[in-house]
Amino acid sequence: MSRNFATEIKSPKFKDPSLFCKSAFINNEWVNAKSGETYSVIDPATENEIGKVPEMNVEDIREAIKAAKSAFKEWANLTAKNRHDFLLALHSQILENQNDLATILTLENGKSYNESLGEIRYGATFVEWFAQESRRVYGDVIPSPFKNHKIIVEKQPIGVVGLITPWNFPSAMITRKVSAALAAGCTVVIKPAPETPYSALALAELAVRSGFPKGVINVVTTDKHIKEVGLELCTNLDVKKISFTGSSAVGKLLMEQSSSTLKNISLELGGNAPFIIFDDADIDSAVEGAIACKFRAMGQACIAANRIYVQSSIYAEFASRLADKVSGFQVGNGFDPKTTHGPLINQRAVNKVTRHVEDAVAKGAEILIGGTKHTGNFFYPTVLTNMTKEMVITSEETFGPIAALYKFETEDEVMKLANDSPYGLAGYFYSRDIGRCWRVANALEVGMVGVNTGIIHNCEAPFGGIKESGLGREGSKYGIDDFIDLKYVSMGGL
Ligand code: ADP
């Protein structure tokens, strides 16, 4: 059983400590909560306090919304090229400061420093991409049914956007939303997850250095007032859109709350991704793909494989090769250079994963490797075999490092199992049969399919789900549309 644990912890050093900002950011000013309250942010690896940030409430949020509203007209009226230049400046700032940003990310999220660097670079691609997309927000001219008329379609920014983001990708989930919103001409109020405010605040500092006008980007921090703040964002008439990434339960609540003002809403919610390996697959490549897809961010990703279906004739071989790879992982503090996998975010996550393993084992699953926690928030990456559909993991997103292996016999059978979920974010499969590749890709009820790959995220492709996994798409040529209203002008008397 894997018991690798990295202990050589290099204490984090900043080249530029001023990126580690501890106030909230409203109207280009660093501010405290009006109440003066703060809350502590905890390093998930050491469980020590990293620092404090303002505990803001509805009053503070209203200030941020006011600032974003005042800034909106001017920002929307800039030329697309102007907005492109601001975003490109921010892109350069992110890359120049990538090491410090990765340090902040590892401190507050726990993921290994290399993974953090990867996330910072991935996040930066959205800023560059949407800088360029801002110049391609084309309208349309449509032949009119009436004489001497023209139909013109213009694209206009929606207005002030409330962005609510999660802790699992504290930097990239912000850049993916913010850069599309800003490129479209919207201004934003960002509410990062309470666990990971510092990545958001560092991006705000880089926005200052990139010359963004005041009020265009605002970041508010809160922990215990999340519910009231969320309600305010959803019901405030000056906020025209909510863009949320997080759990399905909260996404549904935000949608309900937004209905009173019929606010436009985009939701990137949970998944329960099937990962299918057919017996004609290249097994080495399938193992590699499963490792990347299941264990990135310790499985704390909405597109992580949750149910791994392996055809019976290759089941034993696949399971043993997967477990062998997992035995090479080094769990530990993200700042230890040997660490490949960091801690989970908190005890709640450890408890959930523990409950899932215990439930599976009680119902007949076998632990090939891992299966237990270390100290604190650390849990050993796990491979479970003999999974059946009665086990909780089958229907509940684990959001942790548990590779759950199910055996199947036929394509028909596995497609029914794969689609038997209210969620529809991502799905993956490995096969060398071209007919099957088209057939299965077409039949999977998800927004994103990986065929012979376990990695599907990039700024060029549309990220998003169907069914209860969400609404809207991020990244790609479609992502900017989520922040745009169409206006049709009927031009008569020509
Ligand atoms: P998790 O349980 O993994 O933290 P959540 O969906 O609760 O996932 O969190 C994602 C984001 O949603 C975080 O920024 C969190 O603060 C925020 N959030 C949670 N509850 C609410 C709420 N009632 N209103 C607005 N935002 C919320």
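An oxygen atom of the ligand sits 2.6 Å from a polar backbone atom of T165. The model is predicted, and the distances here are computed from it. S247 places a polar side-chain atom 2.6 Å from a ligand oxygen. For W167, the distance between a polar side-chain atom and an oxygen atom of the ligand is 3.1 Å.

How much of the ligand does the protein cover? Taken alone, the ligand exposes 540 Å², and the protein buries 85% of that. The ligand takes up the space of the largest pocket.

Next, the shell. Which elements give two or more residues to the shell around the ligand? They are α7 (226-235), β11 (239-245) and α8 (248-258). The shell holds 18 residues, and T165, W167, K191, I226 and S247 come nearest to the ligand. By type, the shell residues divide into 10 nonpolar, 5 polar and 3 charged.

An unreviewed UniProt entry lists residues 30-489 as "domain: Aldehyde dehydrogenase". In the model, this span is 40% helix and 22% strand. Its end C-alpha atoms lie 42 Å apart.

How values were computed:
Residues numbered from 1 in each chain as written. Predicted model: local features only at pLDDT ≥ 70, side-chain atom pairs only at ≥ 80, totals over all residues. Heavy atoms only, no water. Near = heavy atom within 4 Å. Polar contact = N/O pair within 3.5 Å; in protein donor to acceptor, adjacent residues only side chain to side chain. Areas by Shrake-Rupley, 256 points an atom, 1.4 Å probe, with all protein chains shown as cover. 1 Å grid on protein atoms, 1.4 Å probe; cavity = no way out; pocket = protein on both sides within 12 Å on 5 of 7 lines; lining within 4 Å. Sits in = over half its atoms within 2 Å of the grid points. Helix = DSSP H or I, 4+ residues; strand = E, 2+ residues; numbered from the N terminus. Nonpolar A, V, L, I, M, F, W, Y, C, P; charged D, E, K, R; others polar. UniProt positions renumbered as here; feature names shortened; annotations may be inferred.
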